[in-house]
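I opened this notebook to look up strand pairing and charged side-chain contacts. The model comes first, then my entries.

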Amino acid sequence: MTTSVIKDPAQYPVLRNLQFSPIKQGEDQLMVLWDPSGLSQEKLVLPLNFFFIVQHFDGEHSIQEIGALYLKRFGEFLLPSKVEQLVADLDQKLFLEGPRTETARQQARSEYRQRPFRPAVFAGRSYEADGAKLLKQIDGFFTSSEGPDFKPSEHKGTLIKGLVAPTYDLKQAGPVYAWGYKELQEAQQPDVYVIIGTAHAGLEHLFAVTDKDFETPLGLVPTDQSIVQRLKALVPECMDEEIAHQSEHAIEFQLPFLQTSVSKPFTMVPVLSSFSASSLQDTTVQHSVEQFLTALRDTITESGKKVCVIAAGELAHLGLRYGDPAPPTDFSFHRSMQRDLEMLKHVEELKPAEFAAYIQREQDQRRIAGFSPIYSLLRVIQAEKGQVLRYDRGITDQYNSTVTYASLAFF
């Protein structure tokens, strides 16, 4: 019989699933760390040698072992007191796993459950907070030179089954969203929109559903309680991490487009997802994904309602910000674009296994963040064909780090 040894978190610190970005101040390159889950509102700027240290806060390396690695890497001794101070600072900011962070999580979950609806977290930051200004902003995405043309859709009047849309900042990617939502405007419109968005902070249970209505500057978007409660009965663990919806933007960014594109009352089913193509090779992950998607598909069928599934997610992530050793060049971007479009052929043809296999062959070197919602859409919808409508990219930092995204429609 073996027993697991519980390691002292003060000596074996565990960094939470944070995001980071390189910045330049004068001649110095630094790293900014922040919490995508929103549990902590803090940011931390670190020189590269300290960033090297926190990269080893994985619960497997002791402070003493990190000191030895630091000596080997930088040729100088690392004073234990410096590391201990760094650990204390990270713990104070809720950047480390431990009792302080767990207490904050429990409090955040309790506060979320008590709220009457999920508030518009990104209004005033990523899009206009005033309703009239937001209507004008959304209209501008459709009429801009990068927006959809004015000729009628070839699918006008046909029941739309699915959309793929970006989750990138509306101020930059708004016209690409508009290409997809123009198809919805002109289609026969469903009653319910199942929005499956990327959970950028990750999920333990792979899917997270919430029963909250969502607020926007244009009013409340009601959640379909009958579908959500049925999902809760079939896969109760899908509600365990609903707090993930509190600070995730993927679903929120779709709602002003739905509110301005759908011409009748509608409900939605908010779902966040987080699993990679490579993780599907694990039988445990396969089982969890299969269980949820089967429940979702069956629940949609049993509801008798017309449903459109919207996959909200981005494609490739290139550059220093995302772990590449160098900024992308024009050549490397265009090569990635060719691969994106090859990959999206499988999406257009409604072939989820081939879509996953393409990314697995690449070993996800381009970090396709929208894999899980797009794969889920392909597994759930009953459509005849898909079509790429628009493809573009956004630049995320001064090192030319790049995110690619696209709009697709399914009929």
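**Entry 1: conventions.** I worked from a predicted model, in which local features need pLDDT of at least 70 and side-chain atom pairs count only at pLDDT 80 or more, while totals for chains, interfaces and linings use all residues. Residues are numbered from 1 along each chain as its sequence is written, and side-chain values use heavy atoms, with hydrogens and water left out.

**Entry 2: strand β4.** I took helices (H or I, at least four residues) and strands (E, at least two) as DSSP runs numbered from the N terminus. I counted a residue as buried under 20% relative accessible area, exposed over 50% and partly exposed in between, with a 1.4 Å probe and protein chains only. Strand β4 spans residues 162-165; Gly162 and Val164 point one way, Leu163 and Ala165 the other, and all are buried.

I then looked up the neighbours of β4, where two strands pair if DSSP finds at least two bridges between them. Strand β13 (residues 402-410) pairs with β4 in the antiparallel sense over 3 bridges, and Phe410 of β13 stands opposite Gly162. Strand β10 (residues 307-312) runs parallel to β4 and is joined to it by 4 bridges; Val309 in β10 is the bridge partner of Gly162.

**Entry 3: salt bridges.** I used the rule of a side-chain nitrogen of Lys or Arg within 4 Å of a carboxyl oxygen of Asp or Glu. The count by this rule is 21 salt bridges.

I looked up Asp224 and Lys305, whose closest N and O atoms are 2.7 Å apart in a salt bridge. Asp224 lies in the loop between β8 (219-221) and α7 (225-234) and Lys305 in the loop between α9 (283-303) and β10, so the pair ties together parts 81 residues apart in sequence. Asp224 is buried at 4% relative accessible area, whereas Lys305 is partly exposed at 32%.

Glu362 and Arg339 form another salt bridge, with the closest N and O atoms 4.0 Å apart. I placed Glu362 in the loop between α11 (352-361) and α12 (371-380) and Arg339 in helix α10 (residues 330-348), 23 residues apart. Glu362 is buried at 13% relative accessibility, and Arg339 is partly exposed at 31%.

Within helix α10, Glu348 and Lys345 lie 3 residues apart, about one turn of the helix. Their side chains meet in a salt bridge of 3.8 Å, N to O. I noted Glu348 as buried at 17% and Lys345 as partly exposed at 47%.

Finally, I recorded a network of salt bridges that links Glu97, Glu102, Arg105 and Arg109.
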